[in-house]
Amino acid sequence: MSYVIHLLGPGDAGLLSQVAEDVFDDDIDTALLTAYLTDGDHAMAIALENGVVIGQGRAILNRQPDAPTALFLDNLGVTPDQRRRGIATALVKALTRWGHS
């Protein structure tokens with residue numbers, strides 16, 4: 001495994017300066033990214049290899065008035081030529097650990 005998984009925080013937007021093809025559905029909007037990374041109920045994990053984002057996963061803490069808080073895995077993407085390397089599994093595990101914390 002030569003990629004590294006990062007759970008992003010408010011100051012980590014710069015890690016998304018180089019993103020491989022088809023990791024996200026659309027281009028990243030800086031204002032939306034900043035809002036996402038500063039919201040404590042949202043999390044984004046990325047797989048980074050040689051300075052390029054090759055995978056991403058997003059999760060939300062789903063708070064309910066009549067049920068326990070649940071983790072909702074909202075989005076998952078890995079560039080096509082890097083699939084089948086365990087990247088998606090590693091992203092989901094990182095987001096699950098975040099949700100439990």
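Colleague: In what order do the strands form the open sheet, and what is the pairing?

Modeller: Strands of a sheet pair through backbone hydrogen bonds, either parallel or antiparallel. In this predicted model, four strands form an open sheet in the order E1-E2-E3-E4, and the pairing is antiparallel; strands (E, at least two residues) and helices (H or I, at least four) are DSSP runs numbered from the N terminus, and two strands count as paired if DSSP finds at least two bridges between them. Strand E1 (4-7) and E4 stand at the edges with a single partner strand each, so one side of each is left without a neighbour in the sheet. From one strand to the next, the twist averages 20°.

Colleague: How should I read the numbering and the limits of such a model?

Modeller: Residues are numbered from 1 along each chain as its sequence is written, and side-chain values use heavy atoms, with hydrogens and water left out. As the model is predicted, local features need pLDDT of at least 70 and side-chain atom pairs count only at pLDDT 80 or more, while totals for chains, interfaces and linings use all residues.

Colleague: How many bridges join E2 to E3, and what lies between these strands in the hairpin?

Modeller: Eight bridges join E2 to E3, which run antiparallel, and Glu49 has Val52 in E3 as its bridge partner. The hairpin that E2 and E3 form has two residues between the strands, and Asn50 in the turn has a positive phi of about 55°. On the E1 side, E1 and E2 pair over four bridges, again in the antiparallel sense, and Leu7 has Ala45 in E2 as its bridge partner.

Colleague: Which residues have the most contacts inside the largest nonpolar core?

Modeller: In soluble globular proteins, nonpolar side chains tend to be buried together. A nonpolar core is here a set of buried Ala, Val, Leu, Ile, Met, Phe, Trp, Tyr and Cys residues joined through side-chain atoms within 4.5 Å, where buried means under 20% relative accessible area, exposed over 50%, and partly exposed in between (1.4 Å probe, protein chains only). The largest such core has 26 residues, and those with the most contacts inside it are Leu16, Met44, Ile46 and Ile87. Helix H1 (30-38), strand E2 (42-49), strand E3 (52-62) and helix H2 (87-100) each supply at least two residues of this core. Strand E2 is mostly covered, with seven of its eight residues buried. Leaving aside residues up to four places away in sequence, Met44 touches, among others, Leu16, Phe24, Leu33 and Leu95, a contact being heavy atoms within 4.5 Å.

Colleague: How many salt bridges does a search of the whole structure find, and which parts does the pair of Arg63 and Asp41 tie together?

Modeller: A salt bridge is a side-chain nitrogen of Lys or Arg within 4 Å of a carboxyl oxygen of Asp or Glu, and a search of the whole structure finds two. In one of them, the side chains of Arg63 and Asp41 meet at 2.8 Å, N to O. Arg63 lies in the loop between E3 and strand E4 (70-78) and Asp41 in the loop between H1 and E2, so this pair ties together parts that are 22 residues apart in sequence. Glu49 forms a salt bridge with Arg85, the closest N and O atoms being 3.0 Å apart. Because Glu49 lies in strand E2 and Arg85 in the loop between E4 and H2, that pair ties together parts 36 residues apart in sequence.

Colleague: Is Glu49 buried or exposed?

Modeller: Glu49 is buried, with a relative accessible area of 13%, whereas Arg85 is partly exposed at 32%.

Key: Axes are lines fitted to C-alpha atoms, for helices over the stretch in contact, and angles run from 0 to 180 degrees between N-to-C directions.
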